[in-house]
Amino acid sequence: MKKLFLLAASALLFACSDSDSGENTPERSVTQDMVPLLSAKKDFSKDTVIYLADSAKFVDKLIQIASFSDETPVELIYTAKAMASSIDIRLQVQPNSSGGSIFVSCNPNQDEKIVFNEPVFPAKSSKGFVLKYSDSLKVGKKIYYDILKFDASKSTQNLCNISKFYYGIHDGLVKVISKNGIELNRVSAKVYEDAEKRREEERARADSIAQAVADSIAQAKADSIAKAVADSILKANSISTEDSTNNTDAEIPEEIIDLAESVADCIKKAYSSGSLTAIKDCQL
Amino acid sequence: MINLYSKILFFACASMALLCSCGEIEIASQDDGFSQKCASSPSINSFQKNFGGYKKGKSIPFKHSDGYLFSLAVTDWDNYMDEHSCQAKLDILLESAYPIYSIPLSTTAPTFYYDESHKSYSGVFEVQFGQYLFYLDNPLPHKQAIAQKNLDGKDTIFYGPDSLYIGKMEINGVTYDDVLVSHGRKYEPSYDIHVMDKVVLSDAKLYYQEKKGILKIELEDGSHIAINEKEK
(Lines give C-alpha, C1' and ligand atoms only; values in the text may rest on other atoms or scores of the structure.)
Protein backbone atom coordinates (compact mmCIF):
# COMPACT_ATOMS: atom_id res chain seq x y z
CA MET A 1 0.00 0.00 0.00
CA LYS A 2 2.87 2.29 0.93
CA LYS A 3 4.57 1.46 -2.36
CA LEU A 4 1.46 2.25 -4.30
CA PHE A 5 1.14 5.61 -2.55
CA LEU A 6 4.79 6.46 -3.30
CA LEU A 7 4.33 5.51 -6.93
CA ALA A 8 1.22 7.66 -7.27
CA ALA A 9 2.93 10.62 -5.54
CA SER A 10 6.00 10.40 -7.76
CA ALA A 11 3.83 10.11 -10.87
CA LEU A 12 1.98 13.26 -9.81
CA LEU A 13 5.28 15.05 -9.19
CA PHE A 14 6.55 14.00 -12.59
CA ALA A 15 3.41 15.25 -14.30
CA CYS A 16 3.64 18.61 -12.50
CA SER A 17 7.31 19.16 -13.29
CA ASP A 18 6.54 18.34 -16.93
CA SER A 19 4.04 21.11 -17.34
CA ASP A 20 5.84 23.66 -15.19
CA SER A 21 9.39 23.54 -16.42
CA GLY A 22 8.55 23.37 -20.11
CA GLU A 23 11.85 21.56 -20.69
CA ASN A 24 10.09 18.34 -21.62
CA THR A 25 7.32 19.93 -23.67
CA PRO A 26 6.27 17.41 -26.32
CA GLU A 27 7.61 18.30 -29.72
CA ARG A 28 5.37 19.87 -32.33
CA SER A 29 5.00 17.52 -35.22
CA VAL A 30 2.93 16.75 -38.30
CA THR A 31 1.82 13.56 -39.99
CA GLN A 32 3.74 12.28 -42.98
CA ASP A 33 0.84 13.31 -45.28
CA MET A 34 1.07 16.93 -44.10
CA VAL A 35 4.74 17.26 -44.98
CA PRO A 36 4.31 18.09 -48.73
CA LEU A 37 1.93 20.95 -47.80
CA LEU A 38 4.64 22.53 -45.66
CA SER A 39 7.56 21.67 -47.94
CA ALA A 40 5.95 23.87 -50.59
CA LYS A 41 7.47 26.83 -48.73
CA LYS A 42 10.42 26.49 -51.15
CA ASP A 43 8.49 26.75 -54.39
CA PHE A 44 5.01 28.10 -53.72
CA SER A 45 3.65 30.29 -56.54
CA LYS A 46 4.48 33.99 -56.37
CA ASP A 47 1.03 34.85 -57.78
CA THR A 48 -0.88 36.91 -55.26
CA VAL A 49 -3.75 37.55 -57.64
CA ILE A 50 -5.47 34.58 -59.28
CA TYR A 51 -8.58 34.21 -61.46
CA LEU A 52 -11.42 31.68 -61.51
CA ALA A 53 -13.94 31.41 -64.35
CA ASP A 54 -16.92 29.24 -65.20
CA SER A 55 -17.53 27.77 -68.64
CA ALA A 56 -19.85 30.63 -69.64
CA LYS A 57 -18.96 34.26 -68.87
CA PHE A 58 -18.37 34.72 -65.17
CA VAL A 59 -14.77 35.50 -64.12
CA ASP A 60 -13.65 36.52 -60.66
CA LYS A 61 -10.41 37.92 -59.28
CA LEU A 62 -9.06 36.53 -56.00
CA ILE A 63 -6.33 37.66 -53.67
CA GLN A 64 -4.30 34.71 -52.38
CA ILE A 65 -1.80 34.82 -49.55
CA ALA A 66 0.31 31.84 -48.47
CA SER A 67 2.13 32.56 -45.26
CA PHE A 68 4.74 30.01 -44.15
CA SER A 69 6.23 30.54 -40.70
CA ASP A 70 9.97 30.62 -40.01
CA GLU A 71 9.90 28.09 -37.18
CA THR A 72 10.46 24.34 -37.47
CA PRO A 73 8.27 22.57 -38.29
CA VAL A 74 6.80 25.20 -40.55
CA GLU A 75 3.20 26.35 -40.15
CA LEU A 76 1.14 27.40 -43.18
CA ILE A 77 -1.79 29.79 -43.34
CA TYR A 78 -3.32 30.09 -46.82
CA THR A 79 -6.18 32.45 -47.69
CA ALA A 80 -8.01 33.09 -50.96
CA LYS A 81 -10.68 35.78 -51.06
CA ALA A 82 -12.69 36.72 -54.15
CA MET A 83 -13.38 40.24 -55.31
CA ALA A 84 -16.90 39.90 -56.73
CA SER A 85 -18.25 36.69 -55.25
CA SER A 86 -18.17 35.30 -51.72
CA ILE A 87 -15.50 32.65 -52.23
CA ASP A 88 -13.43 32.98 -49.08
CA ILE A 89 -11.21 30.02 -48.26
CA ARG A 90 -8.69 29.60 -45.48
CA LEU A 91 -6.47 26.59 -44.93
CA GLN A 92 -4.26 26.33 -41.88
CA VAL A 93 -1.70 23.54 -41.62
CA GLN A 94 -0.57 23.51 -38.01
CA PRO A 95 2.06 21.35 -36.35
CA ASN A 96 1.21 20.59 -32.74
CA SER A 97 1.97 18.21 -29.91
CA SER A 98 -0.69 15.76 -31.03
CA GLY A 99 0.58 15.07 -34.51
CA GLY A 100 -0.64 18.15 -36.35
CA SER A 101 -3.97 19.49 -37.55
CA ILE A 102 -5.49 21.05 -40.65
CA PHE A 103 -8.16 23.70 -40.17
CA VAL A 104 -10.43 24.73 -43.05
CA SER A 105 -12.74 27.75 -43.28
CA CYS A 106 -14.89 28.05 -46.37
CA ASN A 107 -17.56 30.65 -45.63
CA PRO A 108 -16.93 34.29 -44.68
CA ASN A 109 -19.99 34.19 -42.40
CA GLN A 110 -19.03 31.11 -40.44
CA ASP A 111 -16.65 31.36 -37.53
CA GLU A 112 -16.59 27.62 -36.95
CA LYS A 113 -13.53 25.90 -38.45
CA ILE A 114 -13.52 22.40 -39.87
CA VAL A 115 -10.80 20.43 -38.10
CA PHE A 116 -8.82 17.42 -39.31
CA ASN A 117 -6.63 16.14 -36.47
CA GLU A 118 -3.60 14.00 -37.30
CA PRO A 119 -4.72 13.83 -40.92
CA VAL A 120 -3.84 10.86 -43.07
CA PHE A 121 -5.39 11.25 -46.51
CA PRO A 122 -8.16 10.57 -47.24
CA ALA A 123 -9.08 12.21 -43.96
CA LYS A 124 -12.63 12.61 -42.70
CA SER A 125 -13.76 15.12 -40.08
CA SER A 126 -16.36 14.40 -37.44
CA LYS A 127 -19.05 16.15 -39.54
CA GLY A 128 -18.25 14.27 -42.73
CA PHE A 129 -15.97 16.75 -44.51
CA VAL A 130 -13.26 14.99 -46.52
CA LEU A 131 -9.68 15.89 -47.47
CA LYS A 132 -8.18 13.78 -50.25
CA TYR A 133 -4.81 13.93 -51.97
CA SER A 134 -4.18 13.33 -55.66
CA ASP A 135 -1.01 13.57 -57.76
CA SER A 136 -2.43 15.90 -60.38
CA LEU A 137 -5.53 17.62 -61.72
CA LYS A 138 -6.22 18.91 -65.22
CA VAL A 139 -7.84 22.33 -65.10
CA GLY A 140 -8.66 23.60 -68.57
CA LYS A 141 -5.56 22.87 -70.62
CA LYS A 142 -3.17 23.04 -67.69
CA ILE A 143 -2.13 20.27 -65.31
CA TYR A 144 -1.54 21.12 -61.66
CA TYR A 145 0.43 18.73 -59.46
CA ASP A 146 0.00 17.68 -55.81
CA ILE A 147 -3.63 18.48 -55.22
CA LEU A 148 -5.57 18.50 -51.96
CA LYS A 149 -9.29 18.15 -52.55
CA PHE A 150 -11.70 19.42 -49.91
CA ASP A 151 -15.18 17.93 -50.20
CA ALA A 152 -18.12 19.31 -48.22
CA SER A 153 -20.80 17.66 -50.32
CA LYS A 154 -21.29 14.66 -48.04
CA SER A 155 -21.08 16.50 -44.73
CA THR A 156 -23.96 16.25 -42.31
CA GLN A 157 -23.94 20.02 -41.83
CA ASN A 158 -22.28 21.97 -44.65
CA LEU A 159 -20.82 25.11 -43.12
CA CYS A 160 -19.41 26.17 -46.48
CA ASN A 161 -20.97 28.31 -49.20
CA ILE A 162 -19.37 25.95 -51.75
CA SER A 163 -19.38 22.21 -52.32
CA LYS A 164 -15.70 21.43 -53.11
CA PHE A 165 -12.40 23.12 -53.67
CA TYR A 166 -9.04 21.92 -55.02
CA TYR A 167 -5.87 23.33 -53.53
CA GLY A 168 -2.66 22.97 -55.50
CA ILE A 169 0.13 22.45 -53.00
CA HIS A 170 2.44 24.63 -55.14
CA ASP A 171 -0.18 26.87 -56.79
CA GLY A 172 -2.98 27.63 -54.35
CA LEU A 173 -6.65 27.44 -55.27
CA VAL A 174 -7.13 25.87 -58.73
CA LYS A 175 -10.78 24.87 -58.80
CA VAL A 176 -14.04 25.50 -56.90
CA ILE A 177 -17.37 23.74 -57.31
CA SER A 178 -20.52 25.55 -56.23
CA LYS A 179 -23.28 23.96 -54.17
CA ASN A 180 -25.33 23.47 -57.33
CA GLY A 181 -22.44 21.85 -59.21
CA ILE A 182 -21.05 24.70 -61.32
CA GLU A 183 -17.27 24.53 -61.80
CA LEU A 184 -15.00 27.55 -61.54
CA ASN A 185 -11.53 26.85 -62.91
CA ARG A 186 -8.25 28.69 -62.56
CA VAL A 187 -7.67 30.86 -65.65
CA SER A 188 -5.10 33.39 -66.79
CA ALA A 189 -5.27 37.15 -66.23
CA LYS A 190 -6.10 37.55 -69.93
CA VAL A 191 -9.50 35.89 -69.46
CA TYR A 192 -10.33 38.46 -66.77
CA GLU A 193 -9.07 41.36 -68.90
CA ASP A 194 -11.11 40.13 -71.88
CA ALA A 195 -14.21 39.97 -69.67
CA GLU A 196 -13.61 43.55 -68.52
CA LYS A 197 -13.26 44.68 -72.15
CA ARG A 198 -16.39 42.79 -73.17
CA ARG A 199 -18.38 44.41 -70.35
CA GLU A 200 -17.10 47.83 -71.35
CA GLU A 201 -18.16 47.26 -74.97
CA GLU A 202 -21.55 45.93 -73.88
CA ARG A 203 -22.05 49.00 -71.70
CA ALA A 204 -21.05 51.35 -74.54
CA ARG A 205 -23.43 49.53 -76.90
CA ALA A 206 -26.26 49.70 -74.35
CA ASP A 207 -25.56 53.43 -73.84
CA SER A 208 -25.60 54.11 -77.59
CA ILE A 209 -28.87 52.17 -78.02
CA ALA A 210 -30.39 54.10 -75.11
CA GLN A 211 -29.20 57.37 -76.68
CA ALA A 212 -30.61 56.42 -80.10
CA VAL A 213 -33.97 55.53 -78.54
CA ALA A 214 -34.00 58.82 -76.58
CA ASP A 215 -33.10 60.73 -79.77
CA SER A 216 -35.83 59.08 -81.80
CA ILE A 217 -38.40 59.77 -79.07
CA ALA A 218 -37.26 63.41 -78.95
CA GLN A 219 -37.42 63.64 -82.75
CA ALA A 220 -40.90 62.11 -82.86
CA LYS A 221 -42.10 64.54 -80.19
CA ALA A 222 -40.52 67.51 -82.00
CA ASP A 223 -42.13 66.40 -85.28
CA SER A 224 -45.55 66.06 -83.72
CA ILE A 225 -45.30 69.46 -81.97
CA ALA A 226 -44.12 71.13 -85.17
CA LYS A 227 -46.90 69.50 -87.16
CA ALA A 228 -49.50 70.59 -84.63
CA VAL A 229 -48.19 74.20 -84.76
CA ALA A 230 -48.13 74.21 -88.57
CA ASP A 231 -51.65 72.75 -88.71
CA SER A 232 -52.95 75.32 -86.26
CA ILE A 233 -51.39 78.21 -88.27
CA LEU A 234 -52.86 76.89 -91.48
CA LYS A 235 -56.23 76.29 -89.84
CA ALA A 236 -56.25 79.78 -88.32
CA ASN A 237 -55.43 81.31 -91.70
CA SER A 238 -57.99 79.24 -93.48
CA ILE A 239 -60.69 80.34 -91.00
CA SER A 240 -59.76 84.01 -91.40
CA THR A 241 -59.89 83.64 -95.21
CA GLU A 242 -63.28 81.96 -95.02
CA ASP A 243 -64.57 84.70 -92.72
CA SER A 244 -63.45 87.51 -94.96
CA THR A 245 -64.49 86.15 -98.35
CA ASN A 246 -66.90 83.35 -97.49
CA ASN A 247 -65.26 81.55 -100.40
CA THR A 248 -64.53 77.81 -99.77
CA ASP A 249 -62.23 77.59 -102.76
CA ALA A 250 -59.87 80.28 -101.45
CA GLU A 251 -56.16 79.23 -101.55
CA ILE A 252 -53.75 79.68 -98.61
CA PRO A 253 -51.12 82.26 -99.53
CA GLU A 254 -47.61 80.91 -100.15
CA GLU A 255 -46.03 83.16 -97.49
CA ILE A 256 -48.30 81.69 -94.78
CA ILE A 257 -47.25 78.15 -95.69
CA ASP A 258 -43.57 79.24 -95.68
CA LEU A 259 -44.05 80.88 -92.27
CA ALA A 260 -45.66 77.72 -90.82
CA GLU A 261 -42.83 75.58 -92.14
CA SER A 262 -40.18 77.92 -90.79
CA VAL A 263 -41.78 77.93 -87.31
CA ALA A 264 -42.03 74.14 -87.43
CA ASP A 265 -38.33 73.82 -88.35
CA CYS A 266 -37.36 76.24 -85.59
CA ILE A 267 -39.33 74.24 -82.99
CA LYS A 268 -37.81 70.96 -84.18
CA LYS A 269 -34.28 72.32 -83.86
CA ALA A 270 -34.98 73.89 -80.48
CA TYR A 271 -36.56 70.70 -79.15
CA SER A 272 -33.63 68.60 -80.35
CA SER A 273 -31.20 70.92 -78.60
CA GLY A 274 -33.30 70.59 -75.45
CA SER A 275 -33.74 74.34 -75.01
CA LEU A 276 -37.13 75.59 -73.82
CA THR A 277 -36.02 79.20 -74.30
CA ALA A 278 -35.21 78.49 -77.93
CA ILE A 279 -38.72 77.05 -78.42
CA LYS A 280 -40.23 80.23 -77.00
CA ASP A 281 -38.12 82.26 -79.42
CA CYS A 282 -39.72 80.53 -82.41
CA GLN A 283 -42.22 83.36 -82.91
CA LEU A 284 -44.46 84.02 -85.87
CA MET B 1 -17.33 50.26 -3.92
CA ILE B 2 -19.66 48.55 -6.41
CA ASN B 3 -22.60 50.28 -4.79
CA LEU B 4 -20.92 53.65 -5.15
CA TYR B 5 -20.14 52.95 -8.80
CA SER B 6 -23.74 51.91 -9.48
CA LYS B 7 -25.07 55.03 -7.84
CA ILE B 8 -22.73 57.26 -9.82
CA LEU B 9 -23.79 55.49 -13.05
CA PHE B 10 -27.45 55.84 -12.13
CA PHE B 11 -27.19 59.57 -11.47
CA ALA B 12 -25.05 60.08 -14.55
CA CYS B 13 -27.65 58.35 -16.67
CA ALA B 14 -30.52 60.20 -15.07
CA SER B 15 -28.90 63.56 -15.77
CA MET B 16 -27.89 62.56 -19.29
CA ALA B 17 -31.48 61.53 -20.04
CA LEU B 18 -32.25 65.14 -20.97
CA LEU B 19 -29.66 65.02 -23.73
CA CYS B 20 -29.52 61.44 -24.81
CA SER B 21 -30.64 57.98 -23.95
CA CYS B 22 -28.54 55.57 -21.96
CA GLY B 23 -28.66 52.99 -24.74
CA GLU B 24 -30.20 49.66 -23.87
CA ILE B 25 -29.17 49.48 -20.22
CA GLU B 26 -31.86 49.07 -17.62
CA ILE B 27 -31.08 50.16 -14.06
CA ALA B 28 -33.06 48.70 -11.23
CA SER B 29 -33.12 49.68 -7.58
CA GLN B 30 -32.82 46.71 -5.30
CA ASP B 31 -32.66 46.19 -1.55
CA ASP B 32 -28.90 45.85 -1.60
CA GLY B 33 -28.33 48.80 -3.93
CA PHE B 34 -28.51 49.32 -7.69
CA SER B 35 -27.91 46.87 -10.47
CA GLN B 36 -27.81 47.12 -14.21
CA LYS B 37 -28.59 44.71 -17.01
CA CYS B 38 -29.15 44.82 -20.73
CA ALA B 39 -32.70 45.69 -21.81
CA SER B 40 -34.68 42.55 -22.49
CA SER B 41 -36.13 43.61 -25.86
CA PRO B 42 -33.68 44.21 -28.69
CA SER B 43 -35.39 47.31 -30.06
CA ILE B 44 -34.38 48.64 -33.47
CA ASN B 45 -36.07 51.39 -35.47
CA SER B 46 -38.54 50.87 -38.31
CA PHE B 47 -35.96 51.44 -41.07
CA GLN B 48 -33.82 48.68 -39.66
CA LYS B 49 -36.74 46.35 -38.96
CA ASN B 50 -38.44 46.82 -42.33
CA PHE B 51 -35.36 47.09 -44.54
CA GLY B 52 -35.94 45.19 -47.77
CA GLY B 53 -38.96 43.37 -46.35
CA TYR B 54 -36.40 40.64 -45.70
CA LYS B 55 -37.76 37.70 -43.77
CA LYS B 56 -36.10 34.34 -43.28
CA GLY B 57 -37.05 32.02 -46.15
CA LYS B 58 -37.87 34.81 -48.60
CA SER B 59 -36.34 34.58 -52.06
CA ILE B 60 -35.62 37.64 -54.23
CA PRO B 61 -35.06 37.31 -58.01
CA PHE B 62 -31.85 38.89 -59.29
CA LYS B 63 -29.99 39.10 -62.57
CA HIS B 64 -26.24 39.20 -63.14
CA SER B 65 -24.89 41.45 -65.91
CA ASP B 66 -23.31 38.35 -67.47
CA GLY B 67 -26.81 37.01 -67.96
CA TYR B 68 -27.39 34.70 -64.99
CA LEU B 69 -30.82 34.67 -63.43
CA PHE B 70 -30.62 33.68 -59.79
CA SER B 71 -32.31 34.21 -56.44
CA LEU B 72 -30.94 35.66 -53.26
CA ALA B 73 -32.45 33.72 -50.37
CA VAL B 74 -32.79 35.25 -46.91
CA THR B 75 -31.11 32.50 -44.88
CA ASP B 76 -30.82 34.46 -41.64
CA TRP B 77 -32.73 37.32 -39.99
CA ASP B 78 -31.74 37.65 -36.37
CA ASN B 79 -32.66 40.55 -34.10
CA TYR B 80 -30.96 40.05 -30.74
CA MET B 81 -29.37 41.75 -27.78
CA ASP B 82 -25.59 41.61 -27.78
CA GLU B 83 -24.79 40.90 -24.15
CA HIS B 84 -21.23 42.22 -24.43
CA SER B 85 -22.04 45.67 -25.78
CA CYS B 86 -25.61 45.77 -24.43
CA GLN B 87 -26.82 46.83 -27.84
CA ALA B 88 -29.67 45.61 -30.00
CA LYS B 89 -28.40 44.13 -33.24
CA LEU B 90 -29.85 42.81 -36.44
CA ASP B 91 -28.00 40.38 -38.69
CA ILE B 92 -29.36 39.42 -42.10
CA LEU B 93 -27.79 36.99 -44.54
CA LEU B 94 -28.62 36.80 -48.26
CA GLU B 95 -27.23 33.79 -50.13
CA SER B 96 -27.20 32.19 -53.54
CA ALA B 97 -25.61 28.92 -54.63
CA TYR B 98 -24.45 30.38 -57.96
CA PRO B 99 -23.09 32.93 -58.48
CA ILE B 100 -21.60 32.14 -55.07
CA TYR B 101 -22.88 34.91 -52.83
CA SER B 102 -23.10 35.18 -49.04
CA ILE B 103 -24.04 38.79 -48.35
CA PRO B 104 -24.20 39.73 -44.66
CA LEU B 105 -26.08 42.88 -43.63
CA SER B 106 -25.67 44.03 -40.07
CA THR B 107 -26.91 46.98 -38.08
CA THR B 108 -26.87 48.12 -34.48
CA ALA B 109 -29.57 50.09 -32.69
CA PRO B 110 -28.61 53.73 -32.29
CA THR B 111 -26.84 54.24 -28.96
CA PHE B 112 -26.63 57.99 -28.62
CA TYR B 113 -29.53 60.18 -29.69
CA TYR B 114 -31.03 63.46 -28.58
CA ASP B 115 -34.67 62.42 -28.68
CA GLU B 116 -36.95 59.72 -30.09
CA SER B 117 -37.20 61.37 -33.53
CA HIS B 118 -33.43 61.50 -33.81
CA LYS B 119 -33.33 57.84 -32.85
CA SER B 120 -35.59 57.00 -35.81
CA TYR B 121 -33.17 58.77 -38.21
CA SER B 122 -30.26 56.61 -37.21
CA GLY B 123 -29.22 53.04 -37.88
CA VAL B 124 -26.68 52.34 -40.58
CA PHE B 125 -26.51 48.96 -42.30
CA GLU B 126 -23.09 47.53 -43.07
CA VAL B 127 -23.09 45.29 -46.13
CA GLN B 128 -20.22 43.07 -47.24
CA PHE B 129 -20.06 41.97 -50.85
CA GLY B 130 -16.93 40.11 -51.90
CA GLN B 131 -14.08 42.44 -50.95
CA TYR B 132 -16.36 45.49 -50.83
CA LEU B 133 -17.98 47.19 -47.87
CA PHE B 134 -21.01 49.45 -48.09
CA TYR B 135 -22.65 51.59 -45.43
CA LEU B 136 -26.36 52.27 -45.99
CA ASP B 137 -27.86 55.31 -44.29
CA ASN B 138 -31.42 55.61 -43.12
CA PRO B 139 -33.16 57.37 -46.08
CA LEU B 140 -35.37 59.49 -43.80
CA PRO B 141 -33.05 62.49 -43.20
CA HIS B 142 -32.09 62.46 -46.89
CA LYS B 143 -35.77 62.60 -47.95
CA GLN B 144 -36.57 65.33 -45.44
CA ALA B 145 -33.66 67.46 -46.66
CA ILE B 146 -34.88 67.13 -50.27
CA ALA B 147 -38.44 68.05 -49.22
CA GLN B 148 -37.09 71.07 -47.33
CA LYS B 149 -35.09 72.17 -50.36
CA ASN B 150 -38.17 71.89 -52.57
CA LEU B 151 -40.13 73.95 -50.04
CA ASP B 152 -37.81 76.85 -49.37
CA GLY B 153 -35.12 76.47 -52.04
CA LYS B 154 -32.39 76.30 -49.43
CA ASP B 155 -29.76 73.65 -50.02
CA THR B 156 -29.80 71.78 -46.74
CA ILE B 157 -29.30 68.40 -48.38
CA PHE B 158 -28.15 65.87 -45.86
CA TYR B 159 -24.92 64.21 -46.83
CA GLY B 160 -24.45 60.91 -45.03
CA PRO B 161 -21.03 59.33 -44.78
CA ASP B 162 -21.50 57.23 -47.92
CA SER B 163 -25.09 57.51 -49.13
CA LEU B 164 -26.64 59.94 -51.59
CA TYR B 165 -30.34 60.32 -52.38
CA ILE B 166 -31.02 59.92 -56.12
CA GLY B 167 -34.84 59.58 -56.21
CA LYS B 168 -36.35 57.43 -59.00
CA MET B 169 -34.47 54.65 -60.74
CA GLU B 170 -35.53 52.09 -63.32
CA ILE B 171 -34.10 48.60 -62.93
CA ASN B 172 -34.97 45.74 -65.27
CA GLY B 173 -38.23 47.36 -66.31
CA VAL B 174 -39.47 48.41 -62.85
CA THR B 175 -39.29 51.96 -61.49
CA TYR B 176 -38.25 52.36 -57.85
CA ASP B 177 -38.81 55.51 -55.79
CA ASP B 178 -36.70 57.01 -53.01
CA VAL B 179 -33.52 55.25 -54.11
CA LEU B 180 -30.18 56.01 -52.49
CA VAL B 181 -26.72 55.07 -53.67
CA SER B 182 -23.91 54.08 -51.35
CA HIS B 183 -20.31 54.34 -52.50
CA GLY B 184 -18.35 51.26 -51.55
CA ARG B 185 -15.03 50.80 -49.87
CA LYS B 186 -12.66 48.02 -50.73
CA TYR B 187 -10.82 45.69 -48.40
CA GLU B 188 -7.15 45.40 -49.33
CA PRO B 189 -5.36 42.61 -47.52
CA SER B 190 -1.73 43.10 -46.63
CA TYR B 191 0.85 40.61 -47.91
CA ASP B 192 3.15 41.51 -45.07
CA ILE B 193 2.18 40.24 -41.63
CA HIS B 194 3.70 43.38 -40.08
CA VAL B 195 1.44 45.67 -42.11
CA MET B 196 -2.24 46.09 -41.29
CA ASP B 197 -4.93 45.36 -43.88
CA LYS B 198 -6.46 48.47 -45.40
CA VAL B 199 -9.93 49.63 -46.37
CA VAL B 200 -9.82 52.10 -49.26
CA LEU B 201 -12.39 54.04 -51.30
CA SER B 202 -13.64 52.36 -54.48
CA ASP B 203 -15.90 53.00 -57.48
CA ALA B 204 -18.28 50.22 -56.48
CA LYS B 205 -21.87 51.34 -55.86
CA LEU B 206 -24.85 49.82 -54.08
CA TYR B 207 -28.33 51.18 -54.89
CA TYR B 208 -31.03 50.60 -52.31
CA GLN B 209 -34.36 51.71 -50.90
CA GLU B 210 -36.09 50.94 -47.62
CA LYS B 211 -38.94 48.90 -49.13
CA LYS B 212 -36.99 46.50 -51.37
CA GLY B 213 -33.56 46.70 -49.76
CA ILE B 214 -30.64 46.07 -52.11
CA LEU B 215 -31.61 46.93 -55.69
CA LYS B 216 -28.34 46.87 -57.57
CA ILE B 217 -24.63 46.42 -56.89
CA GLU B 218 -22.11 47.70 -59.43
CA LEU B 219 -18.50 46.58 -59.16
CA GLU B 220 -15.29 48.03 -60.49
CA ASP B 221 -14.80 45.24 -63.03
CA GLY B 222 -17.91 46.47 -64.90
CA SER B 223 -20.16 43.66 -63.66
CA HIS B 224 -23.32 44.18 -61.67
CA ILE B 225 -26.20 42.32 -60.10
CA ALA B 226 -29.69 43.85 -60.04
CA ILE B 227 -33.11 43.00 -58.68
CA ASN B 228 -35.23 41.44 -61.42
CA GLU B 229 -38.85 41.62 -60.31
CA LYS B 230 -40.33 41.46 -63.81
CA GLU B 231 -39.14 37.84 -64.06
CA LYS B 232 -41.29 36.85 -61.07
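Reader: Which residues of strand β7 of chain B are on the covered face, and which on the uncovered one?

Author: Start with the general idea. In a regular strand, side chains alternate between the two faces of the sheet. Now the case here, in a predicted model. Strand β7 of chain B spans residues 125-129. Its covered face holds B:Phe125, B:Val127 and B:Phe129. B:Glu126 and B:Gln128 make up the uncovered face.

Reader: What does β7(B) pair with, and over how many bridges?

Author: Look for bridges between strands; at least two make a pair. β7(B) is joined by 5 bridges to strand β8 of chain B, residues 132-136. These two strands run antiparallel. Within that pair, B:Phe129 stands opposite B:Tyr132. β7(B) also pairs with β6(B), in the antiparallel sense, over 3 bridges. There, B:Ser106 stands opposite B:Glu126.

Reader: How many residues lie between β7(B) and β8(B)?

Author: There are 2, and the two strands form a hairpin. Check the turn for phi. B:Gly130 sits in that turn, with a positive phi of about 60°.

Reader: How many residues of chain B are in contact with chain A?

Author: Contact here means C-beta atoms within 7 Å. By that test, 21 residues of chain B are in contact with 26 residues of chain A. On the chain B side, β5 (87-96) and β6 (101-108) each supply at least two residues. β6(B) gives the most, with 3 residues.

Reader: What is the make-up of that side by class?

Author: Sort the residues by class. The side of chain B that touches chain A has 11 nonpolar, 7 polar and 3 charged residues.

How values were computed. Residues numbered from 1 in each chain as written. Chains lettered and ligands numbered in written order. Predicted model: local features only at pLDDT ≥ 70, side-chain atom pairs only at ≥ 80, totals over all residues. Contact = placed C-beta atoms within 7 Å. Helix = DSSP H or I, 4+ residues; strand = E, 2+ residues; numbered from the N terminus. Nonpolar A, V, L, I, M, F, W, Y, C, P; charged D, E, K, R; others polar. Buried ≥ 20, exposed ≤ 12 C-beta atoms within 10 Å, placed from the backbone.
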